[in-house]
Amino acid sequence: MDMNLKGKIALVTGGNRGIGLATAKGLAKEGCDVAICARREETLAQAAGEIEALGVRVAAIQADVQNPDDAVRFVAESAARLGGIDILINNVGGRSGDRLMDSTDEDWVETFDKNVFHGVRLTRLVVPHMRARGGGAIVFISSISGWIPQLSGAVQYGASKAAQIFMAEPMALELVHDRIRVNVVSPGSIIFEGGGWAGLRDEKPEVFAAYEQNGFPMGGLGTPEDVADVVVFLASDRSRWVNGENIRADGLEQPVPAVRPW
C-alpha cells in the first residue's frame with residue numbers, strides 16, 4: 001500500500017536506535033525526508049547514514065529534547081534544513097528511579113519529563129509549522145505499562161505512560177480543525193541489540209527465557225520494526241480517520257508475576 005508520504009517531512013526524537021531508528025527508516029522508505037535527534041553524536045551519525053542510504057534527505061541534530069533550549073533548536077533547525085514539518089514522532093522515553101519506596105521526588109519529575117513534558121513542549125513547537133502546511137500528524141510512543149500496572153516495573157513510569165495515552169484525545173480535539181491528528185502507539189516488550197531486554201537476555205538467560213515463554217502468546221518479544229509499521233501508518237493519510245486513539249502493539253503480552261524480571 002502506498003502511504004502517500006513521499007515528500008513529507010518527519011521529525012523523530014531518539015531516532016538513533018530501537019523504535020526511533022526503525023520508525024525513521026520506515027518513514028524514509030515511504031519517501032519522507034527525516035530529521036532525527038539524539039544525545040550521542042556517534043550513534044546519531046551512524047543512524048543518519050542508514051537513513052540517508054534509503055534515498056531521502058536527513059537532518060541529524062545532536063540534542064537532548066528534555067532541555068527546552070535543545071527542543072526549540074531541534075524543531076527550528078529541522079524546519080529550516082528540510083523546509084517544514086508534517087509529522088512528529090515523540091519517541092524519547094525512559095524512567096528514573098526504582099520502586100515507590102526507593103524513588104525520590106526528583107525521580108518522578110525526571111520520569112515525567114522523559115515521557116510527558118518534552119513531548120508536550122515539542123507538540124506546541126511543531127503545530128505552527130504544521131498549520132502552515134495545511135495539517136499534520138503527531139504520534140506519541142507510550143507503552144503497555146500505561147494500562148497494565150504489573151508490567152510497569154516502577155509506578156512513576158507506568159503513571160507517565162498512562163498520561164501519554166490520556167493526552168491523545170484532548171490534544172486531537174484541540175487540533176482537529178487545523179487538520180492535525182494526534183495518536184498514541186503503545187508497544188509491549190521490544191527487543192533489540194543494545195536495549196534493556198537484550199541485556200537481560202545476555203546477563204540472565206534463564207530469567208529471560210522464563211519470561212519469554214510465559215508472557216508472550218505470539219511466541220516472543222516484538223521488534224522495533226513491528227512497532228514502526230504501526231507508527232508509519234498512523235503518520236500517513238491512510239489513517240486519516242484515526243484520531244485521538246491509543247493503538248496497542250503488544251502481541252497480547254500478559255503479566256507473569258511469578259517470573260517478572262524486576
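User: Over how many bridges do strand 1 and strand 2 pair?

Analyst: This is a predicted model. Strand 1 covers residues 9–13 and pairs with strand 2 in the parallel sense. Within this pairing, Ala-10 stands opposite Val-34 of strand 2. The number of bridges between strand 1 and strand 2 is 5.

User: Over how many bridges do strand 1 and strand 4 pair?

Analyst: Strand 1 and strand 4 also run in the parallel sense as a pair. Leu-11 stands opposite Leu-88 in strand 4. The bridges between strand 1 and strand 4 number 3.

User: Which residue of strand 5 is the bridge partner of Leu-88?

Analyst: Strand 4 pairs with strand 5 in the parallel sense, over 4 bridges. Leu-88 belongs to strand 4, where Leu-88 and Asn-90 point one way and Ile-87 and Ile-89 the other. In strand 5, the partner of Leu-88 is Ile-138.

User: What is the order of the strands in the open sheet?

Analyst: The sheet is open and has 7 strands, with parallel pairing. From one strand to the next, the twist averages 15°. The order of the strands is 3-2-1-4-5-6-7.

User: At about what angle to strand 3 does helix 3 run?

Analyst: Helix 2, residues 41–52, lies across strand 2 and strand 3 and runs at about 175° to strand 3. Helix 3, residues 68–82, lies across strand 1, strand 2 and strand 3. The angle between helix 3 and strand 3 is about 155°.

User: Which helix do the buried residues of helix 6 pack against?

Analyst: In helix 6, the buried residues are Trp-197, Ala-198, Gly-199 and Leu-200. These buried residues of helix 6 have a packing partner, helix 7 (205–215).

User: Why does Cys-32 count as buried, and what is its relative accessible area?

Analyst: Cys-32 lies in the loop between helix 1 and strand 2. Leaving aside residues up to four places away in sequence, Cys-32 touches Leu-5, Lys-8, Leu-27, Val-56 and Ile-87. Buried means a relative accessible area under 20%. Cys-32 is therefore buried, as its relative accessible area is 0%.

User: What is the relative accessible area of Ser-236?

Analyst: Ser-236 is placed in the loop between helix 8 (224–235) and strand 7. Apart from residues up to four places away in sequence, Ser-236 touches Met-3, Leu-5 and Arg-181. Ser-236 is buried, and its relative accessible area is 0%.

User: How far apart are the C-alpha atoms of Gly-26 and Arg-181?

Analyst: Gly-26 is found in helix 1 and is buried, with a relative accessible area of 18%. Along the chain, Gly-26 and Arg-181 are 155 residues apart. Their C-alpha atoms are separated by 19 Å.

User: What is the volume of the largest pocket?

Analyst: The largest pocket is lined by 43 residues, and those nearest its centre are Arg-17, Gly-93, Gly-94, Tyr-157 and Phe-192. The lining divides into 17 nonpolar, 18 polar and 8 charged residues. Among the elements that each supply at least two lining residues are helix 1 (18–29) and strand 2 (33–38). The volume of the largest pocket is about 1400 Å³.

User: Which elements give two or more residues to the lining of the second largest pocket?

Analyst: The second largest pocket holds about 450 Å³ of space. Its lining has 20 residues, with Gly-136, Arg-179, Arg-181, Asp-237 and Arg-240 nearest the centre. The elements that give two or more residues to this lining are strand 5 (136–141) and strand 6 (180–187).

Conventions
Residues are numbered from 1 along each chain as its sequence is written. This is a predicted model: local features need pLDDT of at least 70, side-chain atom pairs count only at pLDDT 80 or more; totals for chains, interfaces and linings use all residues. Side-chain values use heavy atoms; hydrogens and water are left out. On a 1 Å grid over the protein atoms alone, a cavity is a set of points where a 1.4 Å probe fits but cannot get out, and a pocket is an open set with protein on both sides within 12 Å along at least five of seven lines; lining residues have an atom within 4 Å of a point. Grid points are joined across faces, edges and corners, and a volume is the space filled by probe spheres set on the points. Ala, Val, Leu, Ile, Met, Phe, Trp, Tyr, Cys and Pro count as nonpolar, Asp, Glu, Lys and Arg as charged, and the others, Gly among them, as polar. Buried means under 20% relative accessible area, exposed over 50%, partly exposed in between (1.4 Å probe, protein chains only). Contact means heavy atoms within 4.5 Å. Two strands pair if DSSP finds at least two bridges between them. Axes are lines fitted to C-alpha atoms, for helices over the stretch in contact, and angles run from 0 to 180 degrees between N-to-C directions.
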